[in-house]
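Q: Could you take me through one part of this structure closely, keeping to a single region and then setting it beside its counterpart? I am new to it and would welcome a connected account.

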Amino acid sequence: MFPLTKENKHVAQLLLSTGTCPRCIFRFCGVDFHASYKLPYKELLNELQKFLETEKDELILEVPNPPLKKIRLQELEDGIDGNDNLSQNGEGRVSVIEDGSIASKNSNLNVCNVCLGILQEFCEKEFIKKVCQKVEASGFEFTNLVFSVSFPPQLSVREHAAWLLVKQEMGKQSLSLGRNDIVQLKEAYKWITHPLFSEELGVPIDGKSLFEVSVVFAHPETVEDCHFLRAICPDCFKPAKNKQSVFTRMAVMKALNKIKEEDFRKQFPCPPNSPKAVCTVLEIECAHGAVFVAGRYNKYSRNLPQTPWIIDGERKLESSVEELISDHLLTVFKAESFNFSSSGREDVDVRTLGNGRPFAIELVNPHRVHFTSQEIKELQQKINNSSNKIQVRDLQLVTREAIGHMKEGEEEKTKTYSALIWTNEAIQKKDVEFLNDIKDLKIDQKTPLRVLHRRPLAVRTRIIHSMETSYVDEHHFRLYLKTQAGTYIKEFVHGDFGRTKPNIGSLMNVTADILELDVESVDVDWPPALDD
């Protein structure tokens, strides 16, 4: 059943006569019945013509202005080139016929003066198939997708002009038309294209999907449609670092909400002029949201930094914990890049023993995302076999939200260390045993000199929960500590020129220094332990 009624006939005829396409006419008549928009374009036009024709008055389709060139969208053999462009030359979709006119394969229609062809050629099956070919060639794994489009901002100006025209005509009949009564272009486009994409790719459209297909449209011919708004509403158009143009859709809409109707009519034609060509497609992009891999690592080397050690652009050591793990993940997940994070960090000369330190890696734009638990186990084994400096355990896929548990533990949980201590004066076993009795010792640590280049200057209070000593000889003993996370252990031993108070040296009344340090445990119960 045709969705328009007798009440819509005057508006429909007015819009069609001024160069508006059938689907945009539906939008301005408030048609929200999805099926009406999905009909093939030629069928839509025929149905609209039948609706508007009367016995007394046959509809004249030509506009009173000089005849417009008509467009023809060619077969899309070369349609989307290597740069994702749909051009308007001999290699693209639009071509000029010998007599100088431009014909369209769809009923010789003019380009819509409101949607600039978006609801004409770009929601037909042929275009959808070309986009799907790009998606399938991209190499991404996906079980659903979100489809997004970016329309030229001048479409908002043209829609505003058409709205003012229709509102004025309806006012003559004592009827009103609010901006919110018009079906949004993106909504109509979604109603038409989503089922086509889902059918072509065999997966559902899901707004929460991590896989996104985006199409960016442009229309160079009418790009100056927006420019008059800047002169009238300059405060709406402020340059932004990440925007190439001040004429964003949001800025244009903000200006349209501020401008008076009479000022708009003076600056822009109502109805808007018909363009000579359809939109072009600037790019078709596929992107997958980040996936996260977590685990725990042990570090057995005293010559391996956690992250690449680069000073003044020069690499100091050939590898790092981060790289030994991430290089394998990047390859297997076919990701573009990664971000590494962990529950605290150890110095280059500190080993991490016990059950290891929790870490997480964000893999950016991965092309492969589906793995069985067995495949993840094999990946873990591959990492472990590649180096004797580290080992990884409990490797698993996690959510972005779950990483918060690791970060919560950085300051709240406890960590256990063992340190080999040297003293300048000879000591006996009884000289260190008193440390065993000290519990929950509060210390104040001014930012250590060695990290002052990357940490703000501050005094931090930390707690040494317990200490246990093991006498070695008259100048050495081993110290086992359980501390609040975030405690600088080296500085607690040697005092850092008085910046950490109290310290082992001051407690023993000697000069003390640390020769070796190991992290024995990081007491963060994350990620969940897995069965071997």
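A: The second largest pocket of this predicted model has a volume of about 530 Å³. Its lining is made up of 25 residues, and those closest to the centre of the pocket are R345, R455, G486, T487 and Y488. Several elements give two or more residues to this lining, namely the helices α13 (403–412) and α15 (489–494) together with the strands β10 (414–423), β12 (459–473) and β15 (512–522). Sorted by class, the lining of the second largest pocket holds 13 charged residues, along with seven nonpolar and five polar ones.

The largest pocket, for its part, has a volume of about 710 Å³, and of the 24 residues that line it, S150, F151, P153, F247 and T248 are the closest to its centre. The lining of the largest pocket comprises 13 nonpolar, eight polar and three charged residues. At least two lining residues are supplied by each of β1, β2 and α9 (249–258), and the largest share, three residues, comes from β2.

Two of these contributors, β1 and β2, belong to an open sheet of three strands, arranged in the order β1-β2-β3 with mixed pairing. In that sheet β1 (146–150) and β3 (280–288) are the edge strands, each pairing on one side only, and the twist from one strand to the next averages 15 degrees. Strand β2 (residues 211–218) runs parallel to β1 and is joined to β1 by five bridges, with S148 standing opposite S214 in β2. Helix α7 (residues 185–201) lies across β1 and β2, running at about 140 degrees to β1.

Methods:
Residues are numbered from 1 along each chain as its sequence is written. This is a predicted model: local features need pLDDT of at least 70, side-chain atom pairs count only at pLDDT 80 or more; totals for chains, interfaces and linings use all residues. Side-chain values use heavy atoms; hydrogens and water are left out. Two strands pair if DSSP finds at least two bridges between them. Helices (H or I, at least four residues) and strands (E, at least two) are DSSP runs, numbered from the N terminus. Axes are lines fitted to C-alpha atoms, for helices over the stretch in contact, and angles run from 0 to 180 degrees between N-to-C directions. Contact means heavy atoms within 4.5 Å. On a 1 Å grid over the protein atoms alone, a cavity is a set of points where a 1.4 Å probe fits but cannot get out, and a pocket is an open set with protein on both sides within 12 Å along at least five of seven lines; lining residues have an atom within 4 Å of a point. Grid points are joined across faces, edges and corners, and a volume is the space filled by probe spheres set on the points. Ala, Val, Leu, Ile, Met, Phe, Trp, Tyr, Cys and Pro count as nonpolar, Asp, Glu, Lys and Arg as charged, and the others, Gly among them, as polar.
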